[in-house]
Structures are given as structure tokens and as C-alpha cells.
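Please keep the viewer open as you read.

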Amino acid sequence: MASFSGLTTTPVFRRSVLAALITASFSQCAVAQEAESAQSEPDPMVETIEVRGSATGTLIRGATPVGTNVVGISEEDVAEIGVPDSNELLAQIPQMTSTFNSRPTMATDIGQGMPMPKLRDIGTGGGSTTLVLLNGLRLPGSGIIQTVPNAAAIPPSVLSTVEVVMDGGSSIYGSDAIAGVVNFITQRPKDGVTVNLEGGFGDSYTAGSLNLTAGTSWDSGAAMLSFYHAENGDVMGSDRDFITADSTSNGGGDYRTRQCSPGNITANGTSYRMDTLTEGSNLCDPNDGISYVPEQKQDTIFLALEQEFSDNVFLNLNTYYSDWGVDITGDATNALTDLGASGTITSDNPYFTAIGDETSQTVDFNFSDVVGPGAKNSSDFKAFSFMPELTVELPNYWRLKAAYSYGWAETHGEETGVNATAVATALAGTDVSTALNPYDVASTDPAVLSSILSYYGTLGDAKQTHHQIRLTLDGAIYSLPAGDVMLAVGTEYFKQNYDVSFGGGAADALLMTETSASRNVKSVFSEVVVPVMDDIDAGTIDFTASIRYDSYNDVGSTTNPKIGVDYSPTDNLRLRAQWGTSFQAPSLADSGAAVDTRAITMSVSPFMAPDAADSDFFRGTIILAGGSDGLQPEESESYSVGFDWTPEFADDFKVSMTYFDVDYSSAISLAPFYTPSVLFSTEGYSDYYTINPTLDEALAAADGMRIDGQSIESLYADGNSVYALFDARRNNMTATKLSGIDFDIAKEWQTSFGSVNASVAGSYTLDRTFQPVQGAAYQDEKGTDERGDYNLLAQVGATYENMLGTVRILHTDGWENAVASADSLTTVNLFGKYDLGEYEFVEEASVTVNVDNLFDEDAVYYDDANGFISGSTLGRVIYLGLNLKM
């Protein structure tokens, strides 16, 4: 196996009838061997495996994506990386720039809190521009204002391989494959029972996991049942020194708050500390009450079944159920505990405490003495998938595959907080049964506290379901001197449903909005692989072309082609190139049926053009927010060229390099109404605002939308008018062009004591430009945004007798622009394994140790409300594992 920093490159398969087909399983990506002659008697086991597997990015057996760079993570790599969920596994891939060298966690924002795998950091909408599959089939979307598959539902313990196609894949798979495709390939059933136990500990952190897998086989099939449980404690802001709102020691700002316990009093324009009644201010760090790593528990049951009905008919079935619960304290997204409050108290309040002769005060305080350091928030995710696939071997090396994927995902999220209206009412209370004591909130009547704290800032429930039916026919259509021309044709039907309830408010008077949306897609597709040349002196040339037509009932239709070519002048050099187009259909969470679609009305206008009169501030504002009807698919055009080289002069040495170029357009985003200096000065944004709209224009724009605030008519009452109408809904507006180089270099040495391997892989951005809105000029993002130029992953490993050790180094480049900067981040992870051998009832036993972030590196400093910008907040964590096979 050619290893690249814990990853593997896809093999180059030759295209004779039985040449270098899918090997013993997908458990590792190995360089394919030349097949026996087509006239030789095929091995029945090879034949069985062959008809069941296709590599990611192609529909044709025995083929890999021609011209394309594919990275794989093997079963052995998964064990060495040692992460509790598959989102963290993907964070080991340098091209996965959204999460690389960090720990993906659930965000406090329940609307879009699901970790979203994003190759090359492309895409901002409610869907994902990186398609995530399980054994080549789609997973159910998760989230409330998202339709993103929850990769964490797939436990790493059941994986055989993860294959990642680094190019667009819509010509094969349809929507969402703009940046690439991630395909989780599960293990095939094996006889016996395996037990994997792991426990982890670090500074103020604990974690553990258990995996039980039992497999059996019979003459015509096999089955495997796996149970996986994982949990971890939380890491609070107070547990990490680098998480701080006071960055003055680093030359930054002080973002601490006055809403403390004890709090502050402002009387006659002077600030006093609430505990001492002396002049000054109590400042506190809200980060201390926030869980930057939330407490989590996950349980997953996975079943795999293989059944052979005859020599030519096979069934594969995979199904799972996953339950993932996340308990979050505070709001890490906005560095808020969600427990702060401010207001005016007068001498009518029985708890009023005068400092001098004043009869009213402004008080700043919080409720941590009652509920703890931060508000209690939670998210719960349940998911189910059922994926049978029937394979029928037909005469003349043709194959029919019928696949079905059904899945559902339920998401529940809640963010609690303080009812500001109830706070104001209680501060104005005139007896102890109705009044709030801001000087000592715990002494307040419990009924009053309940009216304030029984409050949901947001509360949501969503259920998403899908049905996917796919028929594929592939086989040889013509014989050329270089081999058989292979063809695949197919059709697919996909139906998706999205039902959501979202809102908030006082627990006894919730204001909820319910909405539903659905879509269906009818598709046809085809792929051909042509062996153009196979000459002993000139080498081999393989050509592929694929095309797919998708017809949506709501956003129209799209056709996406792709072509690729491989040229191998020698057995140890492969030159490759590909070009294609891809798309992403608008997420149902971005459509006009999105639960956050509304018209927000304001009695003042804080977002004014530079030429606005001062008096315009006192006129109304209308903001159209949420999803949009009429959204069109996001689109991309990409190409790449590269090579894979295994030089003859060095055994077990490989170099792989790829130049990529992506043009991503019609991306879904929203106009920056909150930054008037940008909105009113950028060409193209004029379509997204109207100055001095008439009442008729305002009513027409908001027709059918929920009104959040006072009525539109009231903004025009008594001779008043509205200053501006902003369209801040999600619209097709932005574009990104980027290019760069992916690379893998690896070497392995066989020694007298075992083996040693070393490798380095990474991705370097050569150019990245951004168009904020259609019609505007492209802006150079390289060196001006908050992204580094490259990510690196290096590995050194060795084996000695029954021991294995690996050192993994992850490096994220720093960045600097005109207003801010961030340093680079390098973390070092260790893995060790010791095989204990056999025991009476145990065939294999081993112990493992993983040390993540060996040198306990802090996350990268950044001058903002929490003091950091990237990297894991865990610090050093040591995991000890025991593995038994019986």
C-alpha cells in the first residue's frame, strides 16, 4: 500500500476484462496488479467481489476515475488517527479546509450548527458543496436551517475506506458535488466478534468509546452487526487560558462585559460596582461560562448483510440508526453566556438600593447565581438509513445494479436565555411577589425568576427524509486492440422532504412557525471508458466521458459533462487530466419555504447610504430575510492536470502532484445590508435595496411573508415613510475562482527489524478571487481574507516485530491582511500499537495509545471576543485503547 501521510492514493486500474478489478475488499487502496489473460479461467471469489464494487467517481467496475485525483483513508489509517466520529476523520485531510487541523464541533446556532465538510472551503448556503455518500448512496440531510448530512452518524469503527474525489462529480452523482465527493465505504461482514475500548483524558476533559461487532457467514452470505457508543465531557472557556475576552496583554481589545455577578450600577451618570457601591466597574469574561467543546453522547447500531441468491444475483444491505445528543452551555458562536441583562430600576421597586439621592438607576447584571455560568442549550440528532443494493450479473460481462436509499433525520435544538421583556416588567415591579432584585437575583421570588428564565431564544424541530432509486447497467460494448470499451447507463429518481418548526419565546407562550418543502429529481446518466492505446513501447492511454441530466420539479434542469484522460508512457508514470462542470441545487432550507423567511420591520433606519440626511434615521426600515423563491443551482467549471510517479530507481517511493482550477458561480449568499459602506458602494448591490420605497412597493415585496415586527402599513401611517427596503434573503449572487496544487510524496524502507515510512501531503493555493455580487469586480482574496495559503500533513512511521508507531504532524498556514493577522498552527499526534498475540478465547489482542496535540499547542490567537480563531480547544489528550478479536 502506498501511504501518503496516513492517506492513500487511488490505484491506476487497467481495463482488460478481469484486469486489476476491485481487490479483496475496499479495506485498502492498493496498486492493482496486471490481470491474467482474458482467456484464463476467472477466480470465482474475484468475480463475486468484482460485480459488487465500483470505485468512487465512476459507475464502471474495474475502473477508477480517469484523469482525477482521489485520496483514500484506509481502515488501518482510521485506527491510527483514532477519532470518535467521522467529521474529525475528515479533518485530517489537508484539502478539507473548513475543518483541517481542528476539532469540528456542534455550533450553538441550532439553525446552522451542523459541522459541514467543505473541500477547498467552497460554499456558504444551507447545503454542502461537498457531496457525502455512504457506499455510493446519499445520506439524509440534518439540521433545521440546513440540509447537510451528519457525517458523525457514521462511526469510524465500521469503515473500511474513505475515498475522496478532489474534482467535481455531478456528471456521476448529480447535485452537491461541486468541490468533490466523500464516500464512506463500510467493512464487509467478517466472522467473529471484535471489541474495541478506548478512554481519553486531558486537561479538564474526558472521553470514551466502545465498539462491539459480531459477524457470521454461511454458504451463500454473511452478516455483521455493530454497536458503537462514544461520549465526552465538555471544555469550558474557563478551562483554557487562551480563551479570553481580554486580549490587552496581546495588544488587542478588552471585550469583557458589565453584565456580571456582582454587576454594576449607573447612577447620575457615574458607574458603581454593585458589590461595594464604589465608583468603577466590575468586568467579567462571558467565555468562562461557555462550553467550547460541548458534552456529547452518541449511539449507533449498524447492520451489514450480503446474500448470494444464485451465481449471478447478489444482495448487499447496509442500514444504521444513530442518536447523537449534544449539551451546550452558553453561546460559543457569539461569545455570550445568554444570561446577561440590563435595565432601569426605580425607587418603586422594593429592592431598590440608592447610592445617593437618586430615584432610578441603570443596572447591569446576570443570572449565573441561579442557573450556573451559562444558559443551557442542547441539540439532539437522530438518523436512520436503509440501503439495499441488488446486483445481477448478465451475459457477456454486463451487470445490472438496482440500488435504493431511504433515510430520515430528526433534529431538535433549543437555546435558552433571558426574557428581556419579563426583566423590564420585573424591574418595574412594586412588591416582592412581582419585582426582580438585580442586586441579588437569587433572592427574587421563584415565580418571577421562572417568568424570566423559562424562555427560549430559539427552539426548533426538523425532520428530513429522502428516497433514492438508482438503476445502472454497465458492460463491454466493443473490443479495441487496447481492450474493451466499457459503457454504463442509468436512471435515478430522488425525492426529498423537509418539515420544520422554528421559533421561540416564553415557554408558556411560544411563537412558532411551521413550514414544509419537498422536491423530486429525475435523472439519466451515462459513462464510457475507452482504452485508446496499449503499446509496449508507447504506453497506454485511457479516455473517459460521462454526462448526467437532472430535472427538478422546482429549480429547472441541468446537464453536466465530464471528460478525463490518463496517459502512462511507462508502467511507473501516469499523466492525467480532467475537465467538467458540476452544480448544487438550492437547499430546501434556502428556498422561499425556509422557516426563517420573513419581513423584518424597524421604526428607525440604522443602515443608511452616505448621502442620507440625518433625519432619515428616524424613518422606517424593511428587511426581507430568509430563503428565496426562484433560486437557481450553484454552478462550477473545473479542470485539473497532474501525475503519479513511482520511479524505478527507488523502491516504494511515489510522488503525486495535481494542479486544480475551479470557477464557482451563482453561489448563494446575502447582501451585506449591515455594512452600508460596502452595500452602497459596490456595483451590483443596487438590485438588493430600494431607497424611499412606496407603500405599494413594500407590500408587493413582502407579499405572503411573515411580518416580524410592526405592520408595514403602520410604518407609513400619519404621513411617515420608509427610508429603505433591503432584500437580505439568500440569493444567487457570489462567485469564486481558485487554483492551486495538491501533492503527495511518500517513501517506505524495508529494514532488518521491520519497516519505516515517511510521507508528506498538502494543498497550496496559488490564486483565489471573489466576486461579492454579479456585476462587481473580482477581488483578490489571497492575502486579503482570513485564509492561509497552504495546509500540510506529514507522517513518519515504523514497525518492529509486534509494535507499530506513527508520528503525524498537521500544519495550518497563518495569514495577514490589512486589518488583522493570525499565526500558523502546528500540532503533533502520536500513535502506538502493541500486539499481545493470542489467548485462550482471543484470536488477536492489542493495546493502543494515541496522544493528540503532543506539545499542548493553544489555538491561534485572534483579537476578538473569545481570543482565538482556529485550532482545537482540547489541548493535549491521551487515549488508551484495548482491541480484542474472538
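## A buried aspartate and the ground rules

Asp744 counts as buried because its relative accessibility is 6%, where buried means under 20% relative accessible area, exposed over 50% and partly exposed in between, with a 1.4 Å probe and protein chains only. This is a predicted model, in which local features need pLDDT of at least 70 and side-chain atom pairs count only at pLDDT 80 or more, while totals for chains, interfaces and linings use all residues. Residues are numbered from 1 along each chain as its sequence is written, and side-chain values use heavy atoms, with hydrogens and water left out.

Asp744 sits in strand 36 (residues 731–750); helices (H or I, at least four residues) and strands (E, at least two) are DSSP runs, numbered from the N terminus. Ser142 lies 602 residues from Asp744 along the chain, and their C-alpha atoms are 33 Å apart.

Strand 4 (residues 130–134) is mostly covered, with 5 of its 5 residues buried. In a regular strand the side chains alternate between the two faces of the sheet. Here, Thr130, Val132 and Leu134 are buried on one side of strand 4, and Leu131 and Leu133 are buried on the other.

Two strands pair if DSSP finds at least two bridges between them. Strand 4 runs parallel to strand 9 (residues 180–186), with 5 bridges, and Leu133 stands opposite Asn183 there. Strand 4 is also joined by 2 bridges to strand 5 (residues 137–138) in the antiparallel sense, where Leu133 faces Arg138. The hairpin of strand 4 and strand 5 has 2 residues between the strands, and Asn135 takes a positive phi near 55 degrees in it.

Strand 23 (residues 455–480) pairs antiparallel with strand 22 (residues 398–416) through 18 bridges. Arg399 has Asp474 of strand 23 as its bridge partner. Strand 23 also pairs antiparallel with strand 24 (residues 483–506), this time over 23 bridges, and Lys463 stands opposite Asp499. The hairpin made by strand 23 and strand 24 has 2 residues between them.

## Helix 7

Which residues of helix 7 (residues 446–453) are buried? They are Val448, Leu449, Ile452 and Leu453. Seen down the axis of helix 7, these buried residues fall within an arc of 120 degrees, so they line one face of the helix; the arc is that of the directions from the helix axis to the C-beta atoms. The exposed residues Pro446 and Ala447 are carried on the face turned away from the buried side.

The buried residues of helix 7 pack against helix 5 (368–371), helix 6 (420–427) and strand 23, with contact meaning heavy atoms within 4.5 Å. At the start of the helix, a side-chain oxygen of Asp445 comes to within 2.8 Å of the backbone nitrogen of Ala447.

## Salt bridges

Side chains of opposite charge can pair when their charged atoms come close. The whole structure holds 31 salt bridges, each a side-chain nitrogen of Lys or Arg within 4 Å of a carboxyl oxygen of Asp or Glu. Among them are these:

| Pair | Closest N and O atoms |
|---|---|
| Asp121 and Arg787 | 3.0 Å |
| Arg576 and Asp644 | 3.0 Å |
| Asp727 and Arg729 | 3.0 Å |

Arg576 in strand 28 (residues 573–584) and Asp644 in strand 31 (residues 634–645) are 68 residues apart, so this pair links distant parts of the chain. Both Arg576 and Asp644 are buried. Asp727 counts as buried too, because its relative accessibility is 14%, whereas Arg787, at 26%, counts as partly exposed. Lys118, Asp121, Arg768, Glu781, Asp785 and Arg787 are linked in a network of salt bridges.

## Nonpolar cores

A nonpolar core is a set of buried Ala, Val, Leu, Ile, Met, Phe, Trp, Tyr and Cys residues joined through side-chain atoms within 4.5 Å. The largest one has 40 residues, and Leu89, Val162 and Phe184 have the most contacts inside it. Strand 32 (residues 653–669) gives the most to this core, with 4 residues. Leaving aside residues up to four places away in sequence, Leu89 touches Ile73, Val78, Ile81, Val83, Leu159 and Val162. A second, separate core of 23 residues includes Ile265, Phe352, Ala375 and Leu427.

How values were computed:
A polar contact is a pair of N or O atoms within 3.5 Å; within protein, one must be able to donate a hydrogen and the other to accept it, and residues adjacent in sequence count only if both atoms are side-chain atoms.
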